[in-house]
Structure formats: structure tokens, C-alpha cells
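My entries follow in the order I made them.

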Amino acid sequence: MDEILEPLDEYNSLYKGKVNDASGVYFDELVEESEVDLEAHRTNVKNYEKAKKDYEAADKKSSNMKGVRIFLIVCAVAFGITFLAGLIVLLTDSYDNIAGAIVSISVGITLMVGSILLITLVVNQRARRHNANAAKHKKNLDELYKKCVDDVNRVLALFDWNIPVKIIRENVPLIQLDDYFDMKKYDYLYSKYGLGNNKSKDSSTVFVLSGTIVGNPFLLVRNFNTEMSMHTYTGTRIISYPVRVSDGHGHYHTVMQHQTIVGTVTKPAPTYGYETYLVYASDAAPNLTFSRKKTADKLGSEKEIEKFVKSETKELNKKATKATRKGQSFTAMTNSEFEALFHAWDRNNEVEFRLLYTPLAQQNTVKLLKSTTPNNPYGDDFRFVKKHCLNYIYSDHDDRLDVYMRPDRWRGYYSLDTLKKDFVTYVNEYFKAIYFDLAPLISIPLYQQHKPIEYIYKEDYGANLPPMEDEAFINGMPNKSFQHPESKTDAILKASGVSKKGNTDKVKVDAYSYKTVPRIEVVMVLGGDMKMHHVDVPYLEYVPLKQTSYVSITNTNGNKKDFDSKRFEFDKASKGSLSNSAHYSYSRGFLTLLRALDSNSESDLDNALDTFFGYNNKEKNSSESQSDSGK
């Protein structure tokens with residue numbers, strides 16, 4: 001296992017380049033496996049891009065002809081009106097205007113006929129020619145585009161979830177990422193370290209990625225949360241009242257004054273948002289707790305940092321002096337820059353804090369916290385909370401990260417070279433985000449040196465997947481698939497296991513959402529007439545809803561290519577379980593299916609799962625093993 005002693009320096013000098021190169025090699029291997037002729041594809045792309053320019057030029061000429069024809073039609077109409085006007089004057093007016101009328105008639109009829117002839121004999125012919133030319137270029141363009149996209153789709157058919165995970169795992173030995181979060185790791189975190197399960201009906205896990213550093217487990221988690229907050233509604237009313245006004249000469253008269261008065265009410269309404277964090281478990285410094293928030297994220301220059309450190313050091317010394325007077329254990333470290341920037345002043349155990357933050361750990365941490373540079377991509381963008389054996393990292397960059405790794409994110413490309421460039425960029429960004437989530441932890445050498453105490457796992461678990469991973473797979477399906485029919489908001493999906501059969505879990509899904517009921521509240525508002533007026537303020541009352549559904553989550557023990565090859569036959573065998581895309585999802589080797597409630601459909605689905613994905617394999621193997629042992 002490769003130890004990382006200086007995370008920032010080693011990221012720039014080693015791992016950044018390794019992951020970048022490995023991503024390019026991985027993509028090239030997929031192209032080779034797809035058997036796409038890359039050189040022929042590149043020729044098609046060049047031809048397509050040239051054909052696109054040719055088509056745009058031809059289409060522009062065609063559009064110009066349409067513009068000319070419209071212009072001449074307008075001219076013909078205008079000249080026709082001139083002709084008619086002259087004719088009317090000639091027939092109805094006196095002889096005084098006869099000369100002007102004759103000119104209008106002559107000019108109007110001449111130019112009108114000329115415009116019509118020009119449209120008929122010249123413009124229409126040119127327009128047909130340009131239209132035909134544009135259509136020919138469009139046909140050629142579409143054929144070339146199809147060739148390019150077909151090549152891209154052959155490569156995309158080999159894309160799968162967890163490609164970044166695989167690349168990182170193979171090129172950064174210290175950071176071992178898992179394909180999915182399994183029950184053993186969940187049991188370890190839950191039973192040994194006390195990691196709580198997210199049971200709140202106001203929070204649902206939409207993504208979880210697990211991994212280890214020298215056997216110490218960690219999770220990258222994204223939750224979809226809701227909370228009730230106060231929302232202000234407004235209503236208006238126009239009032240009128242008499243006002244005496246002066247005309248400036250000492251005379252007064254009465255006018256009606258109109259005023260729009262506004263009433264407001266504040267009522268609870270749900271708000272929704274995502275929260276992403278990393279949690280890392282380690283037996284090192286098990287009694288220590290502390291928290292730190294961002295401090296130096298707005299400090300750019302060294303002078304600004306020095307000024308900040310100097311100011312914070314004064315406060316630090318005051319805190320240390322005050323702690324001594326009260327007989328408390330807080331003692332400031334000699335590295336004032338570390339103390340100021342890391343700012344973990346609420347720590348509860350000085351001995352264990354110093355055990356973690358050796359001089360090298362302090363040096364590594366200060367490097368991470370200093371202002372953002374090209375070599376230090378995020379700087380101080382994280383909060384760090386340690387609660388005994390559990391360490392939590394909340395970073396700004398995780399909120400912007402596309403954590404899901406969906407293969408369909410790459411749809412829409414026609415050039416494999418462009419796709420490769422963006423693919424490599426995505427893997428680099430994914431690695432960078434995870435690496436710098438872990439960087440505050442691997443900056444501490446003890447966290448890489450302290451292996452966990454051996455844990456005795458259970459023989460069997462009541463489910464294949466923990467609730468967090470269940471929710472992540474369920475949230476891969478459309479939210480509306482689980483919402484109550486009257487729902488007017490998103491639903492928070494909560495999973496609870498029902499049963500396990502082989503490699504399939506049956507899971508109950510409770511969807512918590514709200515319907516809205518229009519209400520009106522009457523409030524009193526003071527008007528300009530110094531009287532109180534009733535104002536109707538419409539608002540929405542949010543009424544909680546709950547809808548229960550059931551899904552099965554099956555480990556297909558394969559990849560996307562395998563699943564795609566079985567999709568059609570499986571759908572037939574399961575009587576159309578895949579016919580509605582809103583009723584299933586496939587990701588990271590797992591098939592999540594909305595379950596029907598009638599027994600016949602359930603039986604068809606179970607039989608299809610058994611046939612195609614080894615639904616009962618574990619039970620069969622167990623039975624065969626017992627039979628063999630009996631013999």
C-alpha cells in the first residue's frame with residue numbers, strides 16, 4: 001500500500017498525471033474493444049464538419065432567396081396599392097389631379113408587374129435551385145452525422161457506471177474505492193463506530209460511494225433533504241378616499257386618492273436541497289472531538305494571511321490564558337499559522353490532538369488551507385468535524401460535483417476525440433474532488449499508519465444492501481414513480497428492507513411529500529386615509545402525504561453491456577416489467593424494479609429474475625452444498 005506523505009505535492013507530481021494518463025488509455029481500450037476504425041471515424045468527422053459548413057452556406061443562400069421573394073411580394077402589393085389609388089383618383093377626382101393619377105397608375109402597374117415577373121421568372125427558379133442544393137447538402141450532412149454517431153454509440157455501449165472508480169482504484173493504491181456499498185462495510189461502520197442510519201423522513205440518500213484507506217472505511221454521501229421554512233405571501237387591495245388639495249391660489253377642492261395597500265402573511269413551506277459530505281472512520285485518537293470551519297478561503301496574498309494569522313494568534317493566546325486560569329487543558333501549539341488557519345479551538349483532548357497533528361501533519365494541512373492556486377485547486381473550502389472515531393468533511397467542491405457517473409451523460413457526441421477529451425476531464429475532476437475530500441485526512445500520517453482492529457463479521461445479513469445504498473438505487477428512478485397522486489412537491493424516499501432472496505432485496509419505499517391547499521387569510525392594513533382595511537392574502541397550506549410502494553433490487557453480477565444484451569428477453573419473460581422506463585433503473589450492476597401487487601405479475605417477475613440474474617443462486621448453491629455433504 002503506497003503511503004502518501006505530502007498530499008498536495010504528490011497529487012501534482014504523481015497522481016494527477018497517473019489518473020489523467022490512465023483515463024486516456026482506458027478510453028482507447030474501449031475504442032479498440034468496440035472495433036471502431038478510428039482513422040475512418042476521424043475522416044468522417046472531418047467530412048461531417050466540412051459538410052456542415054457547406055450546408056450552412058447553402059441554407060443561407062436558400063434563406064436569402066426566401067427573403068428576396070418576401071421583399072418582392074411586399075413591393076408588388078405596395079405597387080398594386082399605388083396603382084389602385086391612382087385609378088380611384090382618376091375615376092373620382094377632378095381633372096386637376098389627372099397627371100398625378102396617370103403617373104401613379106403607370107408607375108404602380110409597371111413596378112407591380114415587374115415585381116411579379118421577377119418573382120416568377122428569376123427568384124422562384126433561383127430559390128428552387130438553392131433549396132435543392134441545400135436539401136442535397138442536408139442529406140449528405142445527415143448521412144455523415146449518422147456514421148459518426150454510430151461509431152460513438154458503439155463505444156458508449158461499453159461505458160458503465162464506476163469507470164472513474166476503477167481508474168482511481170488501480171492508479172492510487174492508498175485509496176481503494178468500492179463498486180458499491182455492501183452490508184459488511186455498513187455493519188462495520190454501524191456496529192463498531194456507531195455510524196447512524198439516516199432514518200429521518202426529511203432526508204433521503206441519493207448517492208453513496210464507499211472505500212477504504214489501509215482498511216479504514218469511508219463514505220462519500222449525498223442526501224436530498226427538506227425542511228420547513230417560513231415563506232412570505234402578499235396580497236393587495238386598491239382603496240380610494242377623498243383628499244382636499246390646493247390649487248396654489250388659496251382655493252381647495254376635493255379629489256379622490258387611489259392607493260394600493262399590501263398585506264403579508266408568513267406561513268411554513270417546504271424547501272429542498274442537497275448535502276454532500278465524506279465520513280471517514282479510524283480508531284486513531286478515539287476520544288478526540290473538534291470542529292473547524294473555513295477560515296482562509298477569502299485570503300489571497302501572503303500579506304493577507306500573515307495579517308490574519310497575527311490577529312488570530314492574539315485571540316488564541318487569550319483563549320489559552322483563560323483556559324489556564326479555569327484549569328482547562330487547552331494549550332496553543334507553537335505553529336501559530338496552523339492554529340490560526342485550521343482553527344480547531346474547541347478540541348477536547350490536547351494529547352490526542354497532538355498525536356494526530358505532528359509537525360508533518362501541520363505542514364501538510366497549512367499547504368492545503370492556503371489560497372487557491374493552479375497547484376492547489378480548492379484551498380480552504382472545507383469544514384472538518386471529528387466526533388471520536390468518525391471524521392466528517394464538508395467541502396464546497398462536492399456540492400458542484402457530478403457524483404453519479406451515469407453513462408448516459410455522454411450522449412450527444414459525434415466525435416470520439418471530443419468525447420475522449422471530455423471523458424478524461426470528467427475522470428480528472430472526479431478524482432480531484434475525492435482526493436481533496438480525503439486530503440485533510442491523509443495529511444495526518446497516523447491515519448495511514450493506524451490499521452483498524454480486526455472485526456468479526458456476521459455469517460449472514462438480512463439484506464444484500466444497507467438502507468443508504470437502497471435509497472441511492474431507488475432515487476435513480478423518477479421521483480414521480482413513488483409520489484402520492486395529489487403531491488405538488490418532490491418526495492423524500494425512505495427505504496426499509498422487507499426480505500432477501502438470493503441476490504435480490506425486496507424493499508418498501510415510503511414517499512413523503514406535500515399537497516397544497518389554497519387558503520386566504522384576511523389581514524388588517526393601515527391605509528393613507530388612516531383607517532384600517534381588510535386585505536385578502538392568498539397562501540398555500542402544505543399538507544403532508546405518504547405513499548408506500550415496493551421495489552426489488554437485484555445484483556445482476558454483470559455490467560451494462562451484459563444487461564443490455566438480456567434486456568429484451570428479460571422484459572418478455574417478466575411480462576413487460578421494463579416496458580415503462582419510469583418503473584425501473586439499472587446502475588452499477590443493480591436492477592431496481594417497481595413491484596406490482598398482483599401475485600401473477602410477482603411470480604412472473606421472480607421467475608425472470610431467477611432465470612436471467614440468478615435470483616435464487618445463493619439458496620440453490622446452499623441446498624446443493626447441503627445435499628453433497630449429506631452424501
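Before reading any crossing I noted how the axes are drawn: each is a line fitted to C-alpha atoms, for a helix over the stretch in contact, and the angle runs from 0 to 180 degrees between N-to-C directions. I also noted that this is a predicted model.

**Entry: helix 1 and helix 11**

I looked up helix 1 against helix 11, residues 416-442. Their axes come within 9 Å and cross at roughly 150°. I recorded the crossing of helix 1 past helix 11 as right-handed. Sorting the residues of this contact gave me 17 nonpolar, 4 polar and 5 charged.

**Entry: helix 1 and helix 4**

Next I took helix 1, residues 7-34, with helix 4, residues 163-171. I read an angle of about 130° for this pair, with the axes 10 Å apart. Angles over 145 degrees count as roughly antiparallel and those from 65 to 115 as roughly perpendicular. Helix 1 and helix 4 are therefore oblique to each other. Helix 1 passes helix 4 in a right-handed crossing.

I listed the residues that make the contact. Helix 1 gives Tyr15, Lys18, Val19, Ala22, Ser23, Tyr26 and Leu30, and helix 4 gives Ile163, Lys166, Ile167 and Asn171. By type, I have 7 nonpolar, 2 polar and 2 charged residues in the contact of helix 1 with helix 4.

**Entry: helix 4 and helix 11**

I then checked helix 4 against helix 11. The two axes come within 10 Å and cross at roughly 65°. This crossing is right-handed. From helix 4 I noted Ile163, Pro164, Ile167 and Ile168, and from helix 11 Phe423, Tyr426, Val427, Tyr430 and Phe431. How many residues of this contact are nonpolar, polar or charged? I have 9 nonpolar, no polar and no charged.

**Entry: the whole chain**

I stepped back to the overall figures. The protein has 16 helices and 12 strands. Its radius of gyration is 36 Å, well over the 25 Å that the globule rule gives for 631 residues, so the protein is more spread out than a compact globule. I noted a box of roughly 120 × 90 × 60 Å for the C-alpha atoms, taken along the principal axes. Of the 631 residues, 46% count as buried. Among contacts with a separation of 6 or more, 75% come from residues 24 or more positions apart.

**Entry: aspartate 2**

I went to the start of the chain. Aspartate 2 lies in the segment before helix 1. Is aspartate 2 buried or partly exposed? I have it as partly exposed, because its relative accessibility is 40%. Leaving out residues up to four places away in sequence, I found aspartate 2 touching Tyr15, Pro173 and Leu174. I also took the C-alpha to C-alpha distance from aspartate 2 to alanine 332, which is 33 Å over 330 residues of sequence.

**Entry: valine 149**

Valine 149 has its place in helix 3, residues 98-156. I have valine 149 as buried, with a relative accessible area of 16%. Which residues does valine 149 touch, not counting those up to four places away in sequence? I found Tyr413 and Tyr414. The C-alpha atoms of valine 149 and tyrosine 414 are 4.7 Å apart, although the two residues are 265 apart in sequence.

**Entry: helix 13 and glutamate 471**

I counted burial along helix 13, residues 467-474. The buried ones are Met468, Glu469, Asp470, Glu471, Ala472, Phe473 and Ile474.

I followed up glutamate 471, which is buried with a relative accessible area of 3%. Leaving aside neighbours within four places in sequence, I found glutamate 471 in contact with Asn198, Ser203, Ser204, Thr205, Leu493, Lys494 and Ala495.

**Entry: positive phi**

I looked up two residues other than glycine with a positive phi. Valine 214 has phi near 40°. I placed valine 214 in the loop between strand 2 (203-213) and strand 3 (216-246). Valine 214 is buried, at 13% relative accessible area.

Arginine 588 has a positive phi of about 50°. Its loop runs between strand 11 (584-587) and strand 12 (590-594). I have arginine 588 as buried too, with a relative accessible area of 12%.

Terms used:
Residues are numbered from 1 along each chain as its sequence is written. This is a predicted model: local features need pLDDT of at least 70, side-chain atom pairs count only at pLDDT 80 or more; totals for chains, interfaces and linings use all residues. Side-chain values use heavy atoms; hydrogens and water are left out. Helices (H or I, at least four residues) and strands (E, at least two) are DSSP runs, numbered from the N terminus. Angles under 35 degrees count as roughly parallel, over 145 as roughly antiparallel, 65 to 115 as roughly perpendicular and the rest as oblique. A crossing is left-handed if the near helix is turned anticlockwise from the far one by less than a right angle, and right-handed if clockwise. Contact means heavy atoms within 4.5 Å. Ala, Val, Leu, Ile, Met, Phe, Trp, Tyr, Cys and Pro count as nonpolar, Asp, Glu, Lys and Arg as charged, and the others, Gly among them, as polar. The radius of gyration is taken over C-alpha atoms; the globule rule is 2.2 Å times the number of residues to the power 0.38. Buried means under 20% relative accessible area, exposed over 50%, partly exposed in between (1.4 Å probe, protein chains only).
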